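Biologist: Please go through some of the terms used for this model and tell me what each one rests on.

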Amino acid sequence: ELFHKERTITRDCFTLILSKTLSYGIIAGSGVVKLPQLLKIWSARSAEGISLKGLYFELLIILLNCGYNIHAGNPFTTYGENVFVLIQSILITLSCWKFAKKLDYIEAAGVTVALSSVVFAIVFNFVPEKIYSMMAIISLVLMILSVMPQILLNVRNKSTGQLSLITYALSLLGSSARVFTTLREVSDPLILISHVTAVTLMGTIVSQFFIFGSPQKGNQSSKTGTQRKQHKN
């Protein structure tokens, strides 16, 4: 019986250490997870194939996740990556605005005001208790709404456009690790469901890179075809 207890304690200590290690790794990696996407946009000087509405939803989801976890008193290690991802997502959104062929300035202004209001409400604790209890559910629904337009856009274009495989692959790995850390450190089924959903959605987009291939190859082949026609003429 004593041996069984010691083995249980050792196993619990090991899983906790592993969970904390993964959490710190996720937070550290989150500082650069969206950098490849940002660099790809600026390198191509184009935001083609990137869903702006998806980005808006993503920003709102991150804010709601931060607000919910802070209010619930969860350890920073279980959600800290949201802070760094938020900064990078803002930079990506601004970059998409800069390189957009047709930017709806009224929509952009409305999004800015709306998201700023959410930040203000969370920071100064103006959010009603009932809303806090619903944040996880709202965040889950918004996550699906934010990623599905991008998935459908990829299907419609039969291309992943200027999306970065590295960014989405890292997001998939991070979400997968978060499933484990949530099981170990946070007894909240809604947060767990949220991470499992994120794994499913990120996995779908990553698979689209392999299904549709590289858009650059398609562009090169079309250019080659054009050059051949010109040569024949």
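**Terms and their grounds**

Modeller: Ile 87 lies in helix 4 (residues 81–99). Keep in mind that this is a predicted model.

Biologist: What makes Ile 87 part of a patch on the surface, and which residues form that patch with Ile 87?

Modeller: A patch residue needs over 30% relative accessible area, and nonpolar side chains are joined within 5 Å. Phe 76, Val 83, Phe 84, Ile 87, Ile 90, Leu 91 and Leu 94 form such a nonpolar patch. Together they have about 590 Å² of accessible area.

Biologist: Why is helix 3 called roughly parallel to helix 5?

Modeller: Helix 3 (residues 52–72) and helix 5 (residues 105–123) pack at an angle of about 5°. Angles under 35 degrees count as roughly parallel, so helix 3 is roughly parallel to helix 5. Their axes are 10 Å apart. Among the residues in contact are Tyr 56 and Leu 60 of helix 3 and Val 111 and Leu 115 of helix 5. By class, this contact has 9 nonpolar, 1 polar and 2 charged residues.

Biologist: What makes helix 6 roughly parallel to helix 8?

Modeller: The angle between helix 6 (residues 129–157) and helix 8 (residues 189–212) is about 5°, with axes 10 Å apart. The limit is 35 degrees, so helix 6 counts as roughly parallel to helix 8. Their contact has 16 nonpolar, 6 polar and no charged residues.

Biologist: How do you know that Lys 20 forms a salt bridge with Glu 185?

Modeller: Their closest N and O atoms are 2.9 Å apart. The cut-off is 4 Å, so the pair counts as a salt bridge. Lys 20 is in helix 1 (residues 2–30) and Glu 185 in helix 7 (residues 165–185), 165 residues apart.

Biologist: How many salt bridges does the whole structure have?

Modeller: A search finds 3.

Key: Residues numbered from 1 in each chain as written. Predicted model: local features only at pLDDT ≥ 70, side-chain atom pairs only at ≥ 80, totals over all residues. Heavy atoms only, no water. Axes fitted to C-alpha atoms, helices over the stretch in contact; angles between N-to-C directions. Helix = DSSP H or I, 4+ residues; strand = E, 2+ residues; numbered from the N terminus. Parallel < 35°, antiparallel > 145°, perpendicular 65-115°, else oblique. Contact = heavy atoms within 4.5 Å. Nonpolar A, V, L, I, M, F, W, Y, C, P; charged D, E, K, R; others polar. Patch = residues over 30% accessible without salt bridge, like charges linked within 9 Å, V, L, I, M, F, W, Y side chains within 5 Å. Areas by Shrake-Rupley, 256 points an atom, 1.4 Å probe, with all protein chains shown as cover. Salt bridge = Lys/Arg side-chain N within 4 Å of Asp/Glu carboxyl O.
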